[in-house]
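Biologist: Please take me through the terms used for this structure. For each one, I should like the value set against its definition.

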Amino acid sequence: MRTVDSNGTLVTQGGFVDMTLPSGFHLGCPTAGGMGTCYAIAGDIKARVMFPPDSSYAGKSKSVIVTENNQAVSLEVVEKTVTVTGNIQDGSNNNAVIKDATLSINVGAFGSDGFFMGRYNPEAGTYSISIPPSSAVRLGVMAGDPGRGVNRGGYVPNISPDEVSGTGTETITKNLTLSKVDATINVTVKDNNGTIVEGANVVASNALADIVGPDGPGGPGGPGGPGGSRPEEGPDFGFAGVTDENGIAAINVAPDTYNIVVKAPDLFPTSVTQVSPASEETKDVTVTLAAADSTLKVEVNKGSDSTDLTEAVTQVFDDAGKINLTVTDGDANSGDQDGMANGIIEVKVPTGIYNVQAGKDFPDSGKVEESGYKKIATTKDAIVTQTLATSNQDNALQQPVTSEVSSSSSAALALPDGNTISIPQGALSSSSSSSEDSDSSSSSGSPVVALGEIKAALPETKTDTPIGAGISIDAVDGSGNTITSLQGVISGEIHYKDSDIPSGISEDNFKVKSYNDATGVWDAVQQTSVDTTNNVVSFTTNHLTDFAIVTSTDTTAPSAPTSITATDAKTDGTVNLAWTNPTDTDFSKIRIYRSTTSGSLGDVITTTTTSATTSYANTSLTNGTTYYYTVRALDTSDNESTNTDQVSAAPSAAAATLPKTGPEPTNTSPLIALVLLAGLVSIGFGIRHYAVKQRS
């Protein structure tokens with residue numbers, strides 16, 4: 001393999017060649033001095049060289065027909081000549097430019113062509129990222145290491161919802177906004193008898209608020225084990241706390257809309273609590289939990305011989321979506337009351353009707369034992385027993401692979417069925433959770449990454465159904481400490497079969513998500529896209545956990561926004577839009593279209609990232625031109641409202657300042673200063689920021 005530029009000149013910077021076979025299996029090899037020796041299989045392959053994120057080069061994909069041994073192949077690389085730059089702004093402080101070297105601000109761009117690291121200039125409060133021409137990317141910014149938590153006064157990571165791209169040596173200007181943690185939610189937790197609950201784990205989740213509204217079916221919950229770890233999430237950021245002796249958890253958050261999820265032993269939520277604190281605001285809420293007054297006993301047997309299936313994973317959830325449990329046989333922390341691996345799980349739940357399914361993955365053999373779903377009604381103060389028989393699925397899983405990953409080079413791990421992950425240089429040099437047996441959290445060697453497949457352990461929820469097998473990504477540093485968050489973004493692919501597609505479901509709705517044990521929902525990753533021709537869904541993420549392709553059976557469009565207005569801001573090329581969001585329980589965000597022709601929908605100019613946004617300022621317009629806007633609602637399944645009504649406005653220049661006449665005023669400088677100050681204070685009010693959050 002040779003890496004060359006468009007003129008055929010050798011590019012000597014080292015990289016990693018990724019080759020995809022027709023079967024989806026990935027092979028690869030490193031390059032040094034622009035050369036590399038790769039082992040392949042005769043036939044058609046697709047090859048591309050990957051470089052470290054801060055390299056000045058990016059690889060282009062190439063189709064190659066391998067016909068002979070020692071065949072020479074040249075892979076073209078392109079220079080990253082397009083520059084994306086702008087300010088780093090504080091969305092909680094009138095978008096003031098952030099000039100602070102102590103914040104350790106990192107910026108990057110990611111898309112289908114890879115991840116590209118940027119640089120932050122703390123003296124000017126600006127950033128710069130180089131990307132290849134015609135490469136569509138999204139931009140991300142974070143301050144410090146979010147994997148270690150964000151305290152009050154810190155900033156939540158952010159990813160822009162819109163893609164940017166350029167040509168030639170174009171420079172694109174786009175400001176990035178960080179959301180400051182400067183609001184507080186005081187959560188009081190009581191049981192249904194009014195008794196305060198101490199030691200309950202409380203999570204303020206804005207991802208969940210996008211899925212279930214305050215009048216909706218209810219937020220997921222379940223019995224909590226010891227500790228209060230933060231939830232695992234994709235582009236959404238959860239804030240957590242534990243109730244004190246007064247039953248109160250004070251949680252510092254960024255301004256947004258949150259659903260409050262509470263976990264306490266043998267207590268379950270009765271309704272959804274949703275709250276929307278503003279900047280510098282404190283909100284007080286009370287959450288009431290219902291006691292578990294019945295016991296569900298599930299015996300899991302192998303259907304082939306009726307023997308006990310020990311250490312099986314059992315999913316228990318109600319139709320309303322309030323309760324969603326994943327209980328492992330023998331694991332008391334997951335809810336198994338006897339704590340013994342005997343093929344039987346006993347879990348306490350409130351009296352009700354539940355869906356139950358059980359199974360177990362055998363990664364070493366690729367086998368899966370899995371049962372169908374059974375509906376069970378529990379009885380107060382009684383034990384209800386149900387036996388589930390599993391069926392055997394041979395060759396359902398690929399055997400896991402492991403790889404040592406040097407901090408000075410990129411790497412790729414692939415399973416035979418095409419499921420793969422690509423890790424850029426330095427991505428694993430980030431947060432780790434020290435193991436109990438380790439005396440130090442520092443690494444003494446290269447990290448080790450494991451990629452495996454899972455199926456029986458993938459839970460079905462009210463809103464998401466897993467498709468086929470998922471993948472599990474685990475990593476440890478040289479001292480054996482678990483790596484939980486990344487310094488950068490990794491990419492991956494999960495393949496599916498036509499036989500995995502449920503009847504009546506479109507592949508276009510497939511997405512990769514990660515399961516959140518803390519909230520009981522599937523959370524979005526940073527970016528995901530589906531290739532229906534090759535049956536693969538690609539994704540990017542900055543954390544390590546379990547991932548799967550999921551789909552929703554929801555095809556109902558949300559209600560349209562109301563009270564939509566468009567007004568000339570009279571500040572030179574700006575139109576202000578405002579609207580009232582619909583009250584649908586699964587309303588998620590707003591998408592805005594713009595056209596210069598009445599009756600034409602036009603192009604998407606922005607999509608909000610929260611359900612709380614009710615205004616948008618469209619800037620950089622041409623004064624005197626009339627623009628027509630259509631504002632539509634999207635739900636959590638990305639269904640879009642069908643309204644076609646438009647509002648319009650023509651921007652104009654700012655009003656000119658009248659010249660002074662008459663004698664110069666005397667002793668008026670304090671008055672002038674106050675007027676100017678009032679104007680400055682008013683600027684930026686109403687400006688909203690989006691905060692894309694992540695999990696550790």
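Modeller: Let us begin with a strand pair: strand β20 (residues 201–205) is joined to β23 by five bridges, and the two run antiparallel. This is a predicted model, in which local features need pLDDT of at least 70 and side-chain atom pairs count only at pLDDT 80 or more, while totals for chains, interfaces and linings use all residues. Residues are numbered from 1 along each chain as its sequence is written, and side-chain values use heavy atoms, with hydrogens and water left out.

Biologist: What makes β20 and β23 a pair of strands?

Modeller: A strand is a DSSP run of E with at least two residues, and a helix is a run of H or I with at least four, both numbered from the N terminus. Two strands pair if DSSP finds at least two bridges between them. β20 and β23 have five bridges, so they count as a pair. Within this pair, valine 202 stands opposite valine 262 in β23.

Biologist: Which strand does β23 pair with over three bridges?

Modeller: That partner is strand β25 (residues 273–275), again in the antiparallel sense. In general, strands of a sheet pair through backbone hydrogen bonds, either parallel or antiparallel.

Biologist: Why is β23 called mostly covered?

Modeller: Buried means under 20% relative accessible area, exposed means over 50%, and partly exposed lies in between (1.4 Å probe, protein chains only). Of the six residues of β23 (258–263), five are buried.

Biologist: Why is asparagine 70 called exposed?

Modeller: Its relative accessibility is 73%, and therefore asparagine 70 falls in the exposed class. This residue lies in the loop between β6 (62–66) and β7.

Biologist: What makes β48 and β52 edge strands?

Modeller: They belong to an open sheet of three strands in the order β48-β49-β52, with antiparallel pairing. β48 (562–568) and β52 (615–618) each have a single partner strand, so one side of each is left without a neighbour in the sheet. The twist averages 15° from one strand to the next, with axes as lines fitted to C-alpha atoms and angles from 0 to 180 degrees between N-to-C directions. Strand β49 (residues 575–580) is joined to β52 by four bridges, and leucine 577 stands opposite tyrosine 616 in β52.

Biologist: What makes a group of residues a nonpolar core, and how many residues has the largest?

Modeller: A nonpolar core is a set of buried Ala, Val, Leu, Ile, Met, Phe, Trp, Tyr and Cys residues joined through side-chain atoms within 4.5 Å. The largest has 28 residues, and Ile423, Val449 and Ile473 have the most contacts inside it. Strand β40 gives the most to this core, with four residues. Contact means heavy atoms within 4.5 Å; leaving aside neighbours within four places in sequence, the contacts of isoleucine 423 include Val405, Leu428, Val449 and Ile490.

Biologist: How confident is the predictor in the protein?

Modeller: pLDDT is the predictor's confidence in each residue, from 0 to 100. The mean pLDDT is 79, and 83% of the residues reach 70 or more. Over residues 208–236 the pLDDT is below 50, yet this stretch has 128 contacts in the model beyond near neighbours in sequence. Where pLDDT is low, the predicted coordinates should not be read in detail.
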